[in-house]
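Student: I have a model open and want to talk it through. Can we start with what counts as buried?

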Amino acid sequence: MSGTPMRLTIGHLYPELLNLYGDRGNITALSRRAAWRGIDVTAIEYRLSDEIDFSALDIVFVGGGSDREQLLVCKRLGEIKARFQEYADGGGVVAAICGGYQLLGRYYKLKNETVEGLSVLDVFTESGEGRLIGDVVIQTDFLEQPVVGFENHGGRTYIGSHAPLGKVVSGGGNNGTDGAEGVRYKNIIATYLHGPLFPKNPHLCDYVLTKALEKKYGAVTLSPLNDDAEFAANRFIVNRFA
Amino acid sequence: MRKILAVWVTKALILLGKLAGKKGSSTPGAAALKIYPDILRDLSSQVRCDIIAVCGTNGKTTTNNLLCAMLSAQGNKVVCNRVGANMLEGVTTAFADSADLFGRIDADYACIEVDEISTVKVFGHLTPRYMVITNLFRDQLDRYGEIDITVDYLSRAAARLTDAVLILNADDPLVTAFGKKAGGKHVYFGIGEDTGIARGETKEGRFCGFCGGELAYDYYHYSQLGSYRCPGCGFVRPRPDFEAVNVDLTDGIAFDTDGRRISVDYRGFYNIYNILAAYAAARQTGADLGGLQRVLGEYRPQIGRMETFVIGKPVIFNLSKNPAGFNQAISTVSDDKRTKDIVVVINDNAQDGRDISWIWDVDFERLGEGGGTRLLVASGIRHNDVAVRLKYAGLDGFEDIGDVKSAITRALATPSEVLYVLVNYTALFSTQRVLKELEGKQ
């Protein structure tokens, strides 16, 4: 007797504006890795004008955009701020990358203007001199294998009392100075790592899926998959710095 | 005296490079600029008529070479950086190569493709009368940061020119927004009808460059190219001076423009834009372009632009540098109804862009459509990432073989009718060498 299959709904915020670094690959990885375990997945792409019913979402994904595109999104974010905060504070799963990460904070101060953020995280970003660009390897305290990706950001993010997603092993990280990369807070994963992130970090992808399933169904264990190809790509970056 | 020395050194280095089998080198030009920093200014000022600069993300080399062929066929002498070395050093190499041993240039025109980021520097040395912009797509992100940065460089370069005419792709809102901000005199080219080739792929720059509103499209071709208008502020696709209509893609490419029918036997929808851009530029020089059909017919696309080898079966070799180019290549591959294998070679050297995240914006999923694809091989420096991409595209039967020669040899061993080899920039010459070597062994 098999029960009804588990279901997950992923909300992809504004991919028309925030899909700078192949972010769609993250949605693909989340969807495929859930489907390979017999979990039903629906991914919804939201446009700026769409209403978002957060209560129907199990994972919210926010990708990166250029400064110009972030400014366009920022107006809309003001209108959904309260509902987004409620979702995140209630343990809703959020994965935010690059520009999406910056938008979760209080603000992003550019040279001539300031982009107001969602204030879901108590972090802020300021534009710095030059960009932090290149491969990154970080070590988290909740996953055994390292997490790898590529960063390309002009903003420097300061996370205050938040815990980082991981410690920088190689690369720039949040601001190139304090050795922290990203933020992990409640069920939120925020990071500068793209590449995209999840295909090359199947362990992190599964962590996000697990959190979403746990919130909905209680304790779950994901069945193992053959991740040889994924970890080969992961190791390639790690070995570059070895 | 320094000038003549610089020319001699450049010519010697070009010769040495040729002997070593190198192509498109920028080294000779770099040496020339060290010996005589004014060399490019000096040589380019000797061009009798006009200098035409060709910029834009995709199609620069093809457009520039077509333009050169069109102008040469009119009896002009033309300087051209044919192999696509398009930064300051490469442009200098092309001019020094054309000079005689006394540093004299005998040329009516110069057709020079210029890397977008290099335009500011290059235009400090030579002054084009015409500046062509083919399109603006996302390219080599980690080098340029973002597409806005590319546009910023082009704007600064255009500001250096007075009285220049911008020849612009009317179908690209990023290009026309750039043109509108740059001002001056414009000539537009574009495709004037819905050709039915639109596919659901990543669209970029679909937001108005003036008010930020979402653009509305009457029809679109690929990426952000099409007939657009902004409902918010009235920004609209300008009416092209050279417009392709009655487009027929059934056998090669055919279309009407400027009161004539143009037809070629090579494929690739994007070649309509390349031909139109070159044609629009050539017409500015006052040429009537009699014999155009012969020029286009004799033109062979550049190395790695759907270049064909025969190694027991047809092998079609194509260079793509970014999602827009790669998606176009995939359209061509999936339109081919033969049974086929595909080798994808992706490097991440500095010239490729170290960031290969764009492979996730390429619709590899479509290679599974139609059932003609048998085997996919991931290769190149980033073969691991390509393999992951193919896995998540749901394409069964992919293999991961880093070494390019082994990958191609493996794919040649199947009974499929045709092999496609799709590469990015720094894989171009090394893969071509492998293909030539394998073809030679036949």
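Tutor: A residue is called buried if 20 or more other C-beta atoms lie within 10 Å of its own. Keep in mind that this is a predicted model.

Student: OK. Which residues of strand β3 of chain A are buried, and on which sides?

Tutor: The strand covers residues 59-62, and both of its faces are covered. A:I59 and A:F61 are buried on one side, and A:V60 and A:V62 are buried on the other.

Student: Which strand does β3(A) pair with over four bridges, in the parallel sense?

Tutor: That is strand β4 of chain A, residues 93-97. Strand β1 of chain A, residues 7-13, also runs parallel to β3(A) and is joined to it by four bridges.

Student: And which residues are the bridge partners of A:V60?

Tutor: A:V60 is the partner of A:G11, and in β4(A) its partner is A:V94.

Student: What do β3(A), helix α2 and β4(A) make together?

Tutor: They make a right-handed β-α-β unit, with α2 of chain A spanning residues 67-89.

Student: Zooming out, how many helices and strands does chain A have?

Tutor: Chain A has six helices and twelve strands. Its radius of gyration is 17 Å, close to the 18 Å that the globule rule gives for 242 residues, so the chain is as compact as a globular protein of that length. The C-alpha atoms fill a box of roughly 60 × 45 × 30 Å along the principal axes.

Student: How much of chain A is buried?

Tutor: Buried residues make up 51% of the 242. As for contacts with a separation of 6 or more, 70% are between residues 24 or more positions apart.

Student: Switching to chain B. What is its mean pLDDT?

Tutor: The mean is 90, and 96% of the residues in chain B reach 70 or more. For the model, ipTM is 0.96 and pTM is 0.78.

Student: What is the strand order in the open sheet of nine strands?

Tutor: In chain B the order is β2-β3-β1-β4-β5-β6-β9-β10-β11, and the pairing is mixed. The edges are β2 (78-80) and β11 (260-264), each with a single partner strand, so one side of each has no neighbour in the sheet. From one strand to the next, the twist averages 20°.

Student: Pick a pair inside it. How do β5 and β6 of chain B pair?

Tutor: Strand β5 (residues 165-169) and strand β6 (residues 185-191) pair in the parallel sense over five bridges. B:L168 stands opposite B:Y188 in β6(B).

Student: And the open sheet of six strands, what is its order?

Tutor: The order is β12-β13-β17-β14-β15-β16, again in chain B and with mixed pairing. Here β12 (307-310) and β16 (398-400) stand at the edges with a single partner strand each, so one side of each is left without a neighbour in the sheet. The twist averages 20° from one strand to the next. Strand β15, residues 373-379 of chain B, runs parallel to β16(B) and is joined to it by three bridges, with B:V377 opposite B:E399.

Student: Last topic, the contact. How many residues come from each chain?

Tutor: Chain B gives 23 residues and chain A gives 27. On the side of chain B that touches chain A, α7 (141-144) and α13 (383-392) each supply at least two residues. The most comes from α13(B), with six residues.

Note on methods: Residues are numbered from 1 along each chain as its sequence is written. Chains are lettered from A and ligands numbered from 1 in the order in which they are written. This is a predicted model: local features need pLDDT of at least 70, side-chain atom pairs count only at pLDDT 80 or more; totals for chains, interfaces and linings use all residues. A residue is buried if 20 or more other C-beta atoms lie within 10 Å of its own, exposed if 12 or fewer, and partly exposed in between; C-beta atoms are placed from the backbone. Two strands pair if DSSP finds at least two bridges between them. A crossover is right-handed if, with the strands pointing away from the viewer, the path from the first strand over the helix to the second runs clockwise. The radius of gyration is taken over C-alpha atoms; the globule rule is 2.2 Å times the number of residues to the power 0.38. Two residues are in contact if their C-beta atoms, placed from the backbone, lie within 7 Å. Axes are lines fitted to C-alpha atoms, for helices over the stretch in contact, and angles run from 0 to 180 degrees between N-to-C directions. pLDDT is the predictor's confidence in each residue, from 0 to 100.
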